[in-house]
2 protein chains.
Amino acid sequence: MTSTRHFSLAMDRLRNAGLRPTRQRLALAKLLFEAGDRHITAEQLHSEALQANIRVSLATVYNTLHQFTEAGLLREIVADSGRSYFDTNTSDHHHFYFEKNGMLMDIPNHEMVVNGLPNPPAGTRIARIEVVVRLAE
Amino acid sequence: MTSTRHFSLAMDRLRNAGLRPTRQRLALAKLLFEAGDRHITAEQLHSEALQANIRVSLATVYNTLHQFTEAGLLREIVADSGRSYFDTNTSDHHHFYFEKNGMLMDIPNHEMVVNGLPNPPAGTRIARIEVVVRLAE
DNA sequence: GTGTTTGCAAAGTGTTTGCAATTTA
DNA sequence: TAAATTGCAAACACTTTGCAAACAC
């Protein structure tokens, strides 16, 4: 707790991930990580940034989301062919998907479990198991 | 087993689904259903049709896949943001997804089970549970 | 004949890319 | 100032749509 500490949590995250803490990355990191768990698309994050008066291009939002994902700060979720979701909760969990409006929601921790995992076909390994519970009205 | 029966299985399927058995629908139904379980995208089916000398437009392939899905002859699978897969196996089962080449494969019947289904949020019902086991090399 | 289906080409959506200008360290 | 990052606009991949011509019954 030194008095010369100027670095925010967001800045630390970026530094630790080896990403230069540029104005755009810092602002996006704050939007993403300072509001609890989020599931967001590139276009949603972009318009949120613009509303918050953060000038950033959509291309940079895409770049940033992918860089954060590679750095392990985000997880990409496939729930809808047509767009990608990014989840700020990178721990092992699954999702509800509301078909009505395209929203995602975490399924409360370990409430649901996958049993009897199959052996992966020869020459492959399981990279991830993704469970999406699709909800209709 | 009357001797005046001219209708193929594919034609029966279409009639039962209330779809006119047009040349295009019949040909696509044969490609889809006469070769065991398949996981196919619209573009794959289109190029397969062209190779088999079936003249059909990509738009018609899309229309047909959606009509077959609505009629319950196919199931749409979300495994990759960017394209839709259609599965000729409409029974309850899950999939391996090969990240390497974008292919899907059924997970052998009931080898894997989801336990502890969560209650759906108020005002919703579970429309489907989709499990995708993503495979890397 | 009448309503359905098809094919084309255009438009739409979400995403990626090339590259010059800007920013960071 | 050297390397990384950004923004723009164009390109992309996949999908949907509007409408006139062709087809099924």
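Predicted model: local features only at pLDDT ≥ 70, side-chain atom pairs only at ≥ 80, totals over all residues.
1. A quick convention before we start: buried means under 20% relative accessible area, exposed over 50%, and partly exposed in between, with a 1.4 Å probe and protein chains only. By that rule, buried residues make up 45% of the 137 residues in chain A.

2. Residues are numbered from 1 along each chain as its sequence is written, chains are lettered from A and ligands numbered from 1 in the order in which they are written, and side-chain values use heavy atoms, with hydrogens and water left out.

3. On to the fold of chain A. Its secondary structure comes to four helices and seven strands, where helices (H or I, at least four residues) and strands (E, at least two) are DSSP runs numbered from the N terminus. Along the sequence the pattern reads α-α-β-α-α-β-β-β-β-β-β. The C-alpha atoms fill a box of roughly 55 × 35 × 30 Å along the principal axes. Of the contacts (heavy atoms within 4.5 Å) in chain A between residues at least 6 apart in sequence, 41% join residues at least 24 apart.

4. The interface of the two chains deserves a look. In chain B, 39 residues are in contact with 39 residues of chain A. Together the chains bury about 2900 Å², 61% of it on carbon and sulfur atoms; this buried area is the accessible area (1.4 Å probe) that two parts lose on being put together, summed over both.

5. Which polar links cross that interface? The rule finds 16 residue pairs in polar contact between chain B and chain A, both at pLDDT 80 or more. A polar contact is a pair of N or O atoms within 3.5 Å; within protein, one must be able to donate a hydrogen and the other to accept it, and residues adjacent in sequence count only if both atoms are side-chain atoms. There are also two salt bridges between the chains, a salt bridge being a side-chain nitrogen of Lys or Arg within 4 Å of a carboxyl oxygen of Asp or Glu. One of them pairs B:Glu130 with A:Arg134, with the closest N and O atoms 3.3 Å apart. On the side of chain B that touches chain A, E4, strand E6 (113-115) and strand E7 (125-136) each give two or more residues, and E7(B) provides the largest share, 12 residues.

6. Sugar and phosphate account for 87% of the atoms of DNA strand D that come within 4 Å of the protein.

7. B:His93 is found in the loop between strand E3 (85-87) and strand E4 (95-98) of chain B, and is buried, with a relative accessible area of 10%. Its side chain makes polar contacts of 3.1 Å with the side chain of B:His95 and of 3.1 Å with that of B:Asp106.

Key: Near = heavy atom within 4 Å.
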